[in-house]
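Here are my notes on the model, as numbered points. Please read them with the coordinates open.

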Amino acid sequence: MYNSKIITMKKIHIIIISGIMMNILSLYSCKKDSFLTRYPVSSLTEQNFFANANDLNTYCNGLYSYLPGSNSVALGDQQSDNYENNPFNKVVAGQLTLPTSASQAGWTWTYLHQVNYFLQNYQKANASQAVKNHYVGIARFFRAWFYFDMVKKFGDVPWYGTTILPNDDGDLYKARDPRQLVMDSVMADLTFAANNINPTGPSGTITKWTAQALLARVALHEGTFREYRGIAGWQTILQTAGSAAQAVMQSGNFKLYSTGNPKVDYLNLFLFYAPSDPQNAEVILGYYYSNTLHVTNALDGNMRAYGLSLAKGLMNSYLTINGTPFTSTPGYATQMITQEFNNRDPRMMQTALQPTVVYGDLKGAQTLGFAPTGYAQIKYYDPTTPTYNTNYNAGIDFRYGEMLLVYAEAKAELAGSGTGSFTQSDLDLSINLLRDRVGMPHLMMNVAIDPVLAASYPNVGGSLQNVILEIRRERRVELACEGFRYDDLMRWEAGPLLAQQFLGMYFPGLGTYDLDGDGQPDIALVTSKPSNPVSGVSYFVVGTDIHLSNGNSGNVVVNPTLVKTFTDPKNYYFPLPTTELLLNKNLKQNPGW
Amino acid sequence: MKFYKILCGKTNRVSKIWRVMKLIIVILTTAILQVSASAYAQKITLSQKNVSIEKIFDEIRIQSGYDFFYNLKLIKQAKPVSVELKDASLEETLKACFENQPFTYSIKEKAVIVRPKQSVLLNNTPEKYVPIDVSGKVLDETGKGLPGAAVKIKGTTQGTVTDQNGNFKLKGLDDNAILVISFIGYDTREVKPDNKSEMIITLSPRASNLDDVVVVGYGTQKKVNLTGAVSTISGKVLEDRPIPNIGRGLQGELSGLTITSSSGKPGAAPAFNIRGFTSINGGSPLILVDGVQTNINDLNPDDVASATVLKDAASAAVYGSRAAFGVLLITTKTGQKGNPKVSYSMNYAIRKITNLPDVVTDPGTVIDFKNQAYSGYYGVNLYNTTQTAYAHQRSANPSLPATIVDPTNPNVYDYFGATNWFKELYNPTNNSQTHNVSVSGGNDRITYYFSADYNNQTGVFRYNPDYYDRFNIRGKLDFKVTDWLHIYTNSAYNRTVYNYPSLWTSDWTSGDLYHQIGRANTLAVPKNPDGSWTSAGTYLGFLQDGGRGNTVTNEPQNTIGFTTSFFNNTWRIKGDYTFRATNNYNQAYQVALPYETGPNQAISYAGHSDASAWADDNAYQAINIYTEYEKTFGKHYFKGMIGYNQELNKYNYFSASNNNLISSNVGYLDESTGTTPSVSGNGYQWAVRGTFSRLNYGYDNKYLLEVDARYDGSSRFPTNQHYAFLPSASAGWRVSEEPFFKGLTKVVSNLKLRASYGTLGNDQSLGNYSFTPTLGSGQISNILGGTQPIAVYAPNLVSPTLTWEKVYNKDAGIDITLFSKLNATFDWYQRDTKNMITKGFQLPAVLGATQPLENAADLRTQGWDLSIAYNDQFQLVGKPFNFGLRVNVWDSQTVITRYNNPNKFWFGGDYYVGEHPGDIWGMTTKGIFQSDAAAQGAPDQSKLQGYYAWNKAGEIQYADLNHDGKIDYGDGTVGNPGDAHVIGNTSPRYNFGVGGNFTWNNIDFSIFFQGVGKESFWPGTSGYYWSMFYAPWENVYKNIVGNTWTPQTPNALYPSLKGWRAGDDGPWVDLAVPQTRYLYSAAYIRLKNLTVGYSFNMPLFKRIGIDRLRLYFSGEDLWESDHLPQGFDPEALGGSWGAGKVYPFQRGYSFGLNAKF
């Protein structure tokens, strides 16, 4: 009796326990196992991020690292014929060598990954489509900018609309996509951005108008690039450029900064500190600093750096105060720096330091070493900085002035080749506004062809050749130092302009010179250092310490032994890194490299 | 005889004490008599009338040489004897004398034992003790006498040993006694003594401990049935040793298990490794205590019943992914049925630092060396002539003051001391103590085991040293609910407290204490004449006044489980659930320390004040449930097991710190005033679950097969890779069971061949969340809307193909037993670690992200393990001498078989295919140039030259191995290494442990050596080695005195003395070039433990309830032999600030006692 009871109990237990075990074992039929699915508890993941609009905003904050700061926008032209530095710029001189690594070559794609990652994940957010579209617009704005820069540098580049997985061989090892295809995508991104980004936002953030401005800039670049290379369809793109610029112009949100003082307004535009400053009227997108947050830039240090100096070619571009070309003035070529600032476009002395002017710690012609051409940059230099390298004047990434130039150039190029019209009224609502600010006479449709400009840009022709050349002058002058010049030369197919010595100021011969106009000699050009030097005079042995274009006289030659070259088409593009060519056989080097 | 009678007489009145004494004497007498008795003749002539039987006995004894053993009380009942005999045999004589007596007799060897007749029961007499004498013969399975077998009286230590023919004899036994007969290699038998006839006891052999049971994964297995590579050892090796933790105690005891300690810090955990280099991502064995993954560092060593190492894939397979590099199974003691057994043990140890560099402190010598090393680099002396002269004066006359005011600056002290900062920092001795109490017992229903342990260790510092307290309690209960169901609990609680001076865990000036103290100037002194700390003395000042830190760990753990058995124990189901919480709480503070550099100077401060705290919480849960079925059908043995395991671990952490304490006496965050406190917090979880199975099949006890598999899941992998199937198989052939082997079994009593192959996964090569991308965050540099907002960034990439790192394990082994006494096990193995997770081959930059880790590397480790144990006993001066010897040796070597380093760069330390991890690339040193001419004529060495021109006398000369006329390391690749080559390897080879022990006559002794047979040591840039060659500020160590090259000392080991030679100018420059001249063998042998104990079996103790009392001396790390430079401990060659710069190791000299109640 007792035994049988035990057995019964046993059987029951066996059944129960077996049942439990079978249940447990049956868990393993499914591959995904929620017990084993453990996501990070104290980190952000794809699973817990992108939940709402705030997450979208937080992510997009990280994309702003792409914006160029003051250093880029104030010193962006060093890679152009606007500067002649010591040491020289290798790109301008055609001395670039083949890079090996991707980072050396600038063939870096981490930023694109950041943007595309957003575009792949934003949809998870619980937000209205309009809000999502705003952030998508910002992401696409930055993607467009990234690709615009990549195309300018390398020409054809592979287009990636999504992030790449490490095993996605198709994407990793694909060939470059044609420039046209990439740029069409860029403009599609920008069009979306312009249509979806909010028209206003916190200072320093991207708005609809920033997107319009970039679209205008990109379309002008691409339109003229295709035009001067005879690639079909350029007219449409230039129309986009014109209409985008026009949209900004007609928005009523922006106007040129002016206090009615032509002698300082242009200079003060770049001494802009906070969104509340009046300069903001012209600023479409500023890159701000703050002395209270201790976020500063190092512009003064960089601009006082040894060897940074503007080229004589840029100086010669400034018209006389009468609106005539300086290069048409008799004896212009032998004017000394002490004379040549007189009676010129006021932007000249607001861009380069006149030797007779004391402007903070900036040293000009009289020290020669720091600005070897004699022309020290004054634009963007803040003479009031209390401590070295702690400037906080904003970098202006987009300003209204550029839009006027885009509008004028796009319209003129189109009209010059028979598409649409370009009239004095177009000039008056664009170029002549810029001239009004600095008190210069208006540009007229019947302006004479400047032979110097015509020689510089031999491929400009057509009915509006005279106007287009002057618009180019205006662009060089107005946007000097802001980082446009190299790109302009490239899109105008004017690369050969780089293959020459960019000279400095003129010296009639040996002797002592009072450059700062204080009645005391500052520098002396000699054949050998004197045994009893005059105190306060810096001695330069010609041929050793200083080189002049005609032996003991002429313009300063900063890099006398340098032979600059520009090979077409090689120098219109940058080389691809050799390691990447080895890793991806479908990737081909740019022509000539 | 008289003596015996007297004693017997006293039995009326006395107690057990005397009985025990008597017994001892009986045994002793027996043993002595045995030697001489056979010499006597046997014919007896008697003619007596009505005499007492005692007189008759005396007469017979005289004539025959036979002794009589009897009880006085019994004899008193004798009738008077009348007898008339001539030349009778003993038998006849006795027959005549015993006629009509109330007792009878028996003859055993040379003794006549008088016993009451069977019919006469003594129950009604007050004396229960009836001594009986027994004799017999112990036979082996073939019927031959077995010499040397132990015959013991159960429950006592008394007994004897069989003679050459297997005979034994015991006299004066209590007739209730039970004899225990044992012999190595044979099953122990217990028999009731029989005094009526010669006892014949046959022992049956057990080839290699046939019935020994070994703990394996989820169960136990008879050792003889094992087919995997398994080593096991009893917890006895840990008992009564002054070891700080179990790891130190197991060092060398199990072949294949390498245990290394990186420092002598109290509470520091040693590192465990099974079978050599595991993975480039590391990988350590899974350590389980009673089946639960546990940190064994804080476990009570006295709780350990056994330790088992599962070395190959087949034996570890049921544990799956965390067992890729072996398993260490620890089981704790359990209660046994019976009366409560109480055991107490204590141990008090004095500890002493093993090795420190010998510092030269004589001021004159030091100042000369410092000047020399300094001027070699800077061109001027470090000390001016006045200072140098004073130092020499002080050397000659130590009574001169060590601190003087600088003659040129009345506000500055000049120091000319002779301070050995090591001696100032460290105490000559420190101490530790351990107390352990356990109670166990039980009845048919319940068994229990309770233990408590307290361990205290004091650190090595002279002032306010650190200390470590460990407190453990464990309680185990087993309830037999029904015949087929047991429920048990296993609860443990551990608490440790580590209290330490703040300075050496915080970066208060420039870092590590052991580095700083090695370069504290011996000329400096700790305190100024006015009692203030000197700048150099702040190292000591912080110990005393710099604040303290305290880390408390609480770890309660409980396992509840059940075992069932059905159908005559052929089917069993077992399950358990464990919960463990681990909480650490750390609270620390530091205060700025004032010091002065001269008279009339403002007080300076070192460090700053702050308070900090951190705490964490770890919750761990494990569930195991498994069932097994075991049955023998004829010659077929079958055992199957299938089970389920699930574990979940959740961890959380936070920390906070803040500067500026209000008071240096209150070091809590509440009393800190800093405006920017630092806080952080994080957490993680991991989970594993798996099903596992094992199938054992045996045919005729000869052919053994085991198949294991685990379908294992880990949360560390992407959802589509959670699970891996990990199968293994092993087989064994017991050759000694084959008929053809029968003839050999006399010699080879057991021979088994084993082989196994299996796969294991390793989920430890991945972080908890490496499978999933995590998004970074941070403040951006742009100012948007007037502020710098936070941004979140795209996550790191995770390879979509990321999968398990796998280990493929082959093992072939042989188990052999010789003469039933010597057991040897040898295993050869090959372990391929495949798909190690590391950097993959370079992808194009368009990827746009840091390349994710890939399964991109393989390695192969080959090695062998050997263990030999010999146990025997013999008779020494009449006492059994039991002894054992054991030797473990193991070795392994690893080679990288796949790695993304196509050019095979070894320079820079990356792995490359063909590399043996640990390889030291270096130059061959030819010697030291003895002349400028010789140097200038030699191949150009400038590529390795540092600050000093090398083409002159006194500089090192390297061999131009590739004869290209210059000395360099090529491009640092294997293909073009210049003159560099592999000069050594830092992996320990030929690890060994050798031990011996014996017990004899209440004395026990054991000795154990452990070491490494082959290993290289390159001192790198350690200041402890290079002295002032490293920096002019380093101390003068004795090894460089007289040993630096000058024209007068041309045979010096070192080149010309100049500062900054060893490492300051970068790697592979000057003396930082690894080279054969300064390469040392790190092989060593160390006396890990020596224990001598004595057990008292005094009846006095028994009366007060103590069954056994043992006193012992035990020494830990008492001695070592090595080839290392002075000051380096063979086990302390690490150190993040340079070799040897670690918390020093200590020897332990301890006294202890064990008492059992």
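1. Contact here means heavy atoms within 4.5 Å. In chain A, 70% of the contacts with a separation of 6 or more are between residues 24 or more positions apart.

2. Ground rules. This is a predicted model, where local features need pLDDT of at least 70 and side-chain atom pairs count only at pLDDT 80 or more, while totals for chains, interfaces and linings use all residues. Residues are numbered from 1 along each chain as its sequence is written, chains are lettered from A and ligands numbered from 1 in the order in which they are written, and side-chain values use heavy atoms, with hydrogens and water left out.

3. Chain A overall. The C-alpha trace spans about 135 × 65 × 50 Å along its principal axes. Chain A has 593 residues, and 55% of them are buried (under 20% relative accessible area, 1.4 Å probe, protein chains only). Its secondary structure comes to 22 helices and nine strands. Helices (H or I, at least four residues) and strands (E, at least two) are DSSP runs, numbered from the N terminus.

4. Extent of the interface. On chain A, 65 residues are in contact with 69 residues of chain B. The buried area between the two chains is about 5800 Å², and carbon and sulfur atoms give 71% of that. Buried area is the accessible area (1.4 Å probe) that two parts lose on being put together, summed over both.

5. Which elements give two or more residues to the side of chain A that touches chain B? They are α1 (2-26), β1 (44-45), α2 (53-63), α5 (110-121), α7 (169-172) and α22 (578-583) of chain A. The largest share, 10 residues, comes from α1(A).

6. Polar pairing. There are 11 residue pairs in polar contact between chain A and chain B, both residues at pLDDT 80 or more. A polar contact is a pair of N or O atoms within 3.5 Å; within protein, one must be able to donate a hydrogen and the other to accept it, and residues adjacent in sequence count only if both atoms are side-chain atoms.

7. β1(A) pairs with β39 (residues 774-775) of chain B in the antiparallel sense, over two bridges. Two strands pair if DSSP finds at least two bridges between them. A:Thr45 stands opposite B:Thr774.

8. A sheet within chain A. Three strands form an open sheet in the order β4-β9-β8, with antiparallel pairing. β4 (506-507) and β8 (548-550) of chain A are at the edges with a single partner strand each, so one side of each has no neighbour in the sheet. A:Leu548 has A:Val556 in β9(A) as its bridge partner.

Note on methods. Buried < 20%, exposed > 50% of the residue type's maximum accessible area, 1.4 Å probe, protein only.
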